[in-house]
Amino acid sequence: MSDAIAAKAKTKKRKATAGERAAKNPAVAREDFKGNDVESLKKTFINRIRYSLAKDEYTVTERDCYKALAYTVRDRLVDRWIKTQQTYYNQDAKRAYYLSMEFLTGRTLGNALINLGIEENARKMLEELGYNLEELEEQEFDAGLGNGGLGRLASCFLDSMATMSLPGYGYGIRYEYGIFFQHIRNGYQVETPDNWLRYGNPWEIERPESLYPVKFYGYVHQYIDARGQFRVEWKDPEIVMAMAYDTPIPGYGNNTVNNLRLWSAKSTREFNFDYFNHGDYGKAVADKVVTETISKVLYPNDATAVGKELRLKQEHFFVSASLQDIIYRYKKTHTTFDAFPDKVAIQLNDTHPAIAVAELMRLLVDEEGLPWEKAWDITVRTLAYTNHTVMPEALERWSVSLMGKVLPRHLQIIYEINRRFLEEVRAKHPNDDDLIRRVSIIEEGSEKMVRMAYLAIVGSHSVNGVAALHTDILKKTLFKDFYLLFPERFNNKTNGITQRRWLKLCNPKLSELITEKIGDGWITDLYKLKGLEKFADDAAFQKKWQEVKRANKERLADYVKRKYKVKLNLDAMFDIQVKRIHEYKRQLLNALHAIYLYNQIKRDPKKDFVPRVIIFGGKAAPGYFKAKLIIKFINSIADVVNNDREVGDKLKVLFLENYSVSLAEKIIPAADLSEQISTAGTEASGTGNMKFALNGALTIGTLDGANVEMAEEIGAENMFIFGLTAEEVAAKRASGYNPRAYIGQSPALKEILEMIAAGVFAPTERGIFQPLLDELLNVDKYFVCADFDAYVKTQQEVEKLYRDKTEWTRRAILNVARMGKFSTDRTMKEYAEEIWRIKPVPVDAPNGK
């Protein structure tokens, strides 16, 4: 507890709070209250402080108060949580199971309060007790369960499923340390453990009874049994136990509380007394340490053989546990597997869970005794695959040698799946050996590889992309052969975001303004934002809109001042690019533009410039050298720009460290300009673009990913579109792209590259950015040089419009008004109806309330 709050809570000069009164009178606290009114919340909160945390008014801390509040909210979810599962069970409802390596949930408290409809009562209750809701919310660590858009999308999906009363489950891994905590030291990214579970997680429920064995290594024994049947036995495997931890996922304004189940690795041998008794204390616990490494860290660095092996083990670990759990639940009400695809839908979120094809076959054939043909029919009808990338190098491939070592039975099954699949292809295309080579799940070469995306396509009844352009690229290039073989399997499901978190929670002032004008129907039907269009030219409404934006900018500026000691000009354009650091996302293009602006100011400091604050944020994979060098480059530019007195408030460049969901909730509402500038044809969808637009930022971007559909919905005239199209990029790549030709035609770009080469941005580390220069001059894989001049010209159009506050605001309002399509509620409806074939199952209030 902060000194101020501690003094406030303990002072003897004021009237004792209800918390203090209850701490002195346990009989008051012991009463069981489940209501949502202020008094009921207060009594539960007090009860939890004393009887869950064993604290009194003298020892309670601010973190204790956060935990007590979390328990208070969770208490109001539990009855609904149980009733939801009972309802699904009693109705024998078909359920959708979403398997994902990531769930970037962020903080749970604020979202739960909003979905339960008790945020204001909780705020008032805390104020009466002498506490502040926002301060307690800051005590919650972001759950370290994801890194980028993949995990955030999965979390949005769960929110929408619950809000729409869709029977669904999420399955993933309970990472003990997340991916990493990002520090910026001397401009470099430094990774430290993200110990998000340091103080426990009040939202999760440990389920030690939900414990499943997951096998690795060993060898396969094949034999004919006494009845003359061919049998397979996986012998001498290493067994890791997967234990479940459940987190409630509440729907908005209903009684549905779905479940997110995360698996934690547990050793079958906690302690070896033989080693201990002989004095080898390290080996005594070695089995436990090695085994539990599986659920320690998200995405171990796979640049090493050990890292690759651990990542494969992680993927199989959570897939196997999840499938065993799904089968266990199904068998509670069914004695055969005939109805399995009619009761179970399993969605594979990208290629990470693709091993599910082989594992489900193993479970059905080896464990349940089903014939291969029947098991295969069930597998294909049950599984569906979402692809999230258009880049071949990003599709997972495992060496046959590694797969054979770690998962020997699965390798056998994959070979058999491939044999049967290729026989079918040969039957349809008898003389096309090149087609056979191209579609084989096993890639031949100096080292044979298992192509996991191909396994997922062959073993699923549905293959979807996540934006119209992305799906088109899958059909025409990346999976062209499979589209010709299975055209009925391919479909598009454009991504979205949940407006409950990405507008109502993160931008309460704008939410209130919108609701004041058009009502709150948009919270569950985002298309209702269309009602804002008629106010786009309303001067009074525009003024209120501008006031909200300024308040949000002030909130972010306060954060920056506290953390970085940098004062931001609130009149400046807040130009923001926050996302995973990757070359194709082209943070480098944005950085080069920052240097361009710097040069313009230095040439004529007295000129009337549009002031600009350029904000970056995002993590680079620990083994991704160039991405980490781009972070250093951005910070080096910031050092020069921000310390140049002649530049002053005209330009600031910032890199905000440890980008996360909770930080995004501060950044996105404050943005004026959203940078969505990936090379056309590289971004599958993007959802950051949607979050920014929904919060009133205008977009500068390429025709890539969901930007294309946003331009269709919002109107291209209300965005700033620039650069090569996906078709033009492909054509230039095919004809032999030469970046030096574009550099020669651009004096501004040539000057910037010469400055970098001269060490202007690294005077004490000259040559450090040579790898970036070499890439731009000689390769430029992502067409930064080709798009640079068009980007600069479009940025000049941005500045011109920003001077016209009335027109800028009008377009911002239209952006928000036309974002209806981009809710995950719409996306989930399409998955439910077209892939999973599940229907909403409304849940009655517990105990008939």
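Predicted model: local features only at pLDDT ≥ 70, side-chain atom pairs only at ≥ 80, totals over all residues.
Residues are numbered from 1 along each chain as its sequence is written, and side-chain values use heavy atoms, with hydrogens and water left out. Local features need pLDDT of at least 70 and side-chain atom pairs count only at pLDDT 80 or more, while totals for chains, interfaces and linings use all residues.

Start with helices H26 (residues 587-603) and H33 (residues 747-757), whose axes come within 10 Å and cross at roughly 100°. Axes here are lines fitted to C-alpha atoms over the stretch in contact, with angles from 0 to 180 degrees between N-to-C directions; helices are DSSP runs of H or I, at least four residues, and strands are runs of E, at least two. H26 is therefore roughly perpendicular to H33 (65 to 115 degrees). Leu592, Ile595, Tyr596, Asn599 and Arg603 of H26 meet residues of H33 including Leu749, Ile752 and Ile756, contact being heavy atoms within 4.5 Å.

Leu592 and Ile756 turn up again, with Phe633 and Ile637, as the residues with the most contacts inside the largest nonpolar core, which has 127 residues. Such a core is a set of buried Ala, Val, Leu, Ile, Met, Phe, Trp, Tyr and Cys residues joined through side-chain atoms within 4.5 Å, buried being under 20% relative accessible area with a 1.4 Å probe, protein chains only. Apart from it lies another core, of 114 residues, among them Tyr212 and Val425.

As for the sheet, it is open, with 3 strands in the order S12-S14-S13 and antiparallel pairing (pairing takes at least two DSSP bridges). S12 and S14 (residues 449-451) share 3 bridges, and Ser399 has Met449 as its bridge partner.

Conventions
Parallel < 35°, antiparallel > 145°, perpendicular 65-115°, else oblique. Buried < 20%, exposed > 50% of the residue type's maximum accessible area, 1.4 Å probe, protein only.
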